Amino acid sequence: MTGGTSGRVLTIDLPADPGRLAPTRERLRGWLHAHGVGEWDVETVLIATGEACANAIEHGYRFAPEGITTLRVELRDDWLEIEVRDRGAWRPTDDGDDSDRGRGRLIMARVMDEATIVGTPEGTCVRLVKRLTPTG
C-alpha cells in the first residue's frame, strides 16, 4: 500500500487484496480524526468508502489480482469528496440476481449525501460526497 497526504488530501494506492481493506480503513480513520472530522461522520465515511474499495477489489479486479485501486479523499471546508477508482472490468448489474448480495450501492447512497458510480470498459469511478456535521 502506497500513498501520501498533502494538506487536506489523502491518496492511497490499494492493492487488489481484501487483506488490505482493514489497514486502509484505519489509515483513513486516523487522517479524518487528525483533520477534526466528528466521529459520526468518520463512521459513515468508513462504511461507504469500505464498500466502494471492497467492490473495486471483488468486482473490478476479479480477474486481475495485481490491480490497484486508488482512494482519494479531499476535505473542503464543511464537506468531504471521496473517489475510489479502479482500472478493472466493469460488470453490469445482474437484474435477475435474487441473492443477498449487491447492497453496497444502496448502503453508499443511504449514508452519503451523494454517491455516483460511473463504469466504463477502462474501469470504474465511485464518487462519494459527505456534508460534515458541525463539531464543537
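Reply: Gladly; what follows is a set of questions and answers about this structure. This is a predicted model, in which local features need pLDDT of at least 70, side-chain atom pairs count only at pLDDT 80 or more, and totals for chains, interfaces and linings use all residues. Residues are numbered from 1 along each chain as its sequence is written, and side-chain values use heavy atoms, with hydrogens and water left out.

Me: How do you know how confident the predictor is in this protein?

Reply: We look at pLDDT, the predictor's confidence in each residue, from 0 to 100. The protein averages 87, and 85% of the residues score at least 70. Where pLDDT is low, the predicted coordinates should not be read in detail.

Me: What makes a stretch a helix or a strand?

Reply: Both are DSSP runs, numbered from the N terminus: a helix is H or I over at least four residues, and a strand is E over at least two. The protein has three helices and six strands, and along the sequence they follow the pattern β-β-α-α-β-β-α-β-β.

Me: Why is Thr44 called buried?

Reply: Buried means under 20% relative accessible area, exposed means over 50%, and partly exposed lies in between (1.4 Å probe, protein chains only). Thr44 has 9% relative accessibility, so Thr44 counts as buried. You will find Thr44 in helix 2 (residues 39-60). Across the 136 residues of the protein, 38% count as buried.

Me: Which residues does Thr44 contact, leaving aside its neighbours within four places in sequence?

Reply: Contact means heavy atoms within 4.5 Å. With those neighbours left aside, Thr44 is in contact with Val111, Met112 and Lys130. For the protein, take the contacts between residues at least 6 apart in sequence: 60% of them join residues at least 24 apart.

Me: Why is strand 4 described as largely enclosed?

Reply: Strand 4 (residues 79-86) has eight residues and seven of them are buried, so the rest of the structure largely encloses it.

Me: What makes strand 3 and strand 4 a pair?

Reply: Two strands pair if DSSP finds at least two bridges between them. Strand 3 (residues 68-76) and strand 4 share seven bridges in the antiparallel sense, so they meet that definition. Arg76 stands opposite Trp79 in strand 4. The two strands form a hairpin with two residues between them, and Asp77 in the turn has a positive phi of about 30°.

Me: How many bridges does strand 6 form with strand 4, and how many with strand 5?

Reply: Strand 6 (residues 123-131) pairs with strand 4 over eight bridges, in the antiparallel sense; here Asp86 stands opposite Thr124. With strand 5 (residues 114-120), strand 6 pairs over seven bridges, again antiparallel. Thr120 stands opposite Gly123, and a hairpin joins strand 5 to strand 6 through two residues.

Me: What makes a space inside the protein a cavity?

Reply: On a 1 Å grid over the protein atoms alone, a cavity is a set of points where a 1.4 Å probe fits but cannot get out; lining residues have an atom within 4 Å of a point. The structure holds one cavity of 30 Å³ or more. The largest cavity has about 50 Å³ of space, its volume being the space filled by probe spheres set on the points, which are joined across faces, edges and corners. Its lining includes Leu14, Thr24, Cys53 and Leu71. Helix 1 and helix 2 are the elements that give two or more residues to that lining, and helix 1 gives the most, with four.

Technical notes
On a 1 Å grid over the protein atoms alone, a cavity is a set of points where a 1.4 Å probe fits but cannot get out, and a pocket is an open set with protein on both sides within 12 Å along at least five of seven lines; lining residues have an atom within 4 Å of a point.
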